[in-house]
Every structure is written in C-alpha cells, then in structure tokens.
Amino acid sequence: MRRTGTTRRGALTATGALALGAVLTGCGGDDEGAGGKRPAHSGARATTAKAEKALREKAVRDGALLLARYDLVAEAHPATAAGLVPLRAAVAEHGKALAPPRAKGEPKGDKAPPAPAGPVSADPKAAVRELAAAERRRADTHTEALLTAGPELARLLASVAAAAAAHAYLLTELAEETAV
C-alpha cells in the first residue's frame, strides 16, 4: 500500500524546483541590446552598482579587521597559530574575492589596514572562542547582505558566509582542543 500525502522526497523535489525557478528568474536577458536605446532603468543600475561597491568595501574592511584579530591571537598564543593559519589564509582570499573592481586609472595601492579591535584574551581558549564569535558575526552579516546584493555578488557572499560559518565551527573545536 502506497503512502499518501507529502513525503520527504516530494518535499525535496518541490524545494529544488522552487530554488531552480528562483535561479532562472535571476538569469533573465539584458534589455540594453534592444534597438541600441538606453533602458529606462539605467539609473537604478547605477544606484545598484554604488550599493554593491559599498557592500564590497564594507566586507573587505570587516575581513581586514578579522585578519588583524587572527594575527593578534596567533601572536599572543603561539600554541594556537598552527590551527589558525589555514583559516586566516582563507579569510585573506575572501577579502581579495570581495574587493570591488578598480576603475581604469585608479591607483593599485591598498588603503592602510584598520587597527585591530581591542586586546586579546589572556586565556587561549577564550581568545579562540572570540575569533569563532567574530566569524559567526561575519557569516550573519554576509547572509543579511544577500537581500540587497545583485545575483553575482549574492553568490559570492553566500559562499563566504558558508565558509565563515565553517570557520566558526572549526574555531570552536580548536578552542576545545587548546590546552590552557
């Protein structure tokens, strides 16, 4: 006898179909090729570009602060440094990926890195837990930004948010393994 009603397989299929529909909706055609005329919503695109640049710049600044925090913890607690190196490297790569594209003629030099936030805890476990909390905040911030980001930036932010959540988990585990 076959079960009637909603099954797990049916629910997953419906969810996948909805997600596919949402993705395909974001992949619509471009209106700029229509007769060489400028679309009526080009002003909105300029506003969106400015908003995305601001999102990217904020993400890069937050990432730079987090990198400085990683450095402070590794310096204050050398026993944790080996576990922090790969996570710190990933955060640095995220910053490069999120950096807004430079306009022609814009100087290559990066701005001075922001000053790190506050002192590091004297307890290595607490210091690593603070890093985990910072990664969780970063994941939450990027997840919130998905609502206002364009499709390309949204995909990137989602990936970085997922990585930050994984970092938070790994840092929590590292804190448990760290000897006092």
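This is a predicted model: local features need pLDDT of at least 70, side-chain atom pairs count only at pLDDT 80 or more; totals for chains, interfaces and linings use all residues.
## Confidence

The mean pLDDT of the protein is 77, with 65% of its residues reaching 70 or more. Among the elements named here, helix H4 (residues 124–145) has the highest confidence in the protein, at a mean of 92, whereas helix H1 (residues 8–25) has the lowest, at 55.

Two stretches call for separate mention. Over residues 27–36 the pLDDT stays under 50, and the model has 7 contacts beyond four places in sequence for this stretch. Residues 38–43 also have a pLDDT below 50, and they make 4 contacts in the model beyond near neighbours in sequence.

## Packing of H3 and H5

Helix H3 (residues 78–98) packs with helix H5 (residues 151–177) at an angle of about 170°, and their axes lie 11 Å apart. Because angles over 145 degrees count as roughly antiparallel, H3 is roughly antiparallel to H5.

On the H3 side the contact includes Leu84, Leu87, Val91 and His94, which meet a set of H5 residues including Leu156, Val160, His167 and Leu170. By class, this contact of H3 with H5 comprises 14 nonpolar and 4 polar residues, with no charged residues.

## The second largest pocket

The second largest pocket has a volume of about 270 Å³. It is lined by 12 residues, of which Asp62, Leu65, Leu66, Ala134 and Arg137 are the closest to its centre.

Helix H2 (42–76) and H4 each supply at least two residues of this lining, and H4 gives the most, with 6 residues. The lining of the second largest pocket is made up, by class, of 6 charged, 4 nonpolar and 2 polar residues.

Note on methods:
Residues are numbered from 1 along each chain as its sequence is written. Side-chain values use heavy atoms; hydrogens and water are left out. pLDDT is the predictor's confidence in each residue, from 0 to 100. Helices (H or I, at least four residues) and strands (E, at least two) are DSSP runs, numbered from the N terminus. Contact means heavy atoms within 4.5 Å. On a 1 Å grid over the protein atoms alone, a cavity is a set of points where a 1.4 Å probe fits but cannot get out, and a pocket is an open set with protein on both sides within 12 Å along at least five of seven lines; lining residues have an atom within 4 Å of a point. Grid points are joined across faces, edges and corners, and a volume is the space filled by probe spheres set on the points. Ala, Val, Leu, Ile, Met, Phe, Trp, Tyr, Cys and Pro count as nonpolar, Asp, Glu, Lys and Arg as charged, and the others, Gly among them, as polar. Axes are lines fitted to C-alpha atoms, for helices over the stretch in contact, and angles run from 0 to 180 degrees between N-to-C directions. Angles under 35 degrees count as roughly parallel, over 145 as roughly antiparallel, 65 to 115 as roughly perpendicular and the rest as oblique.
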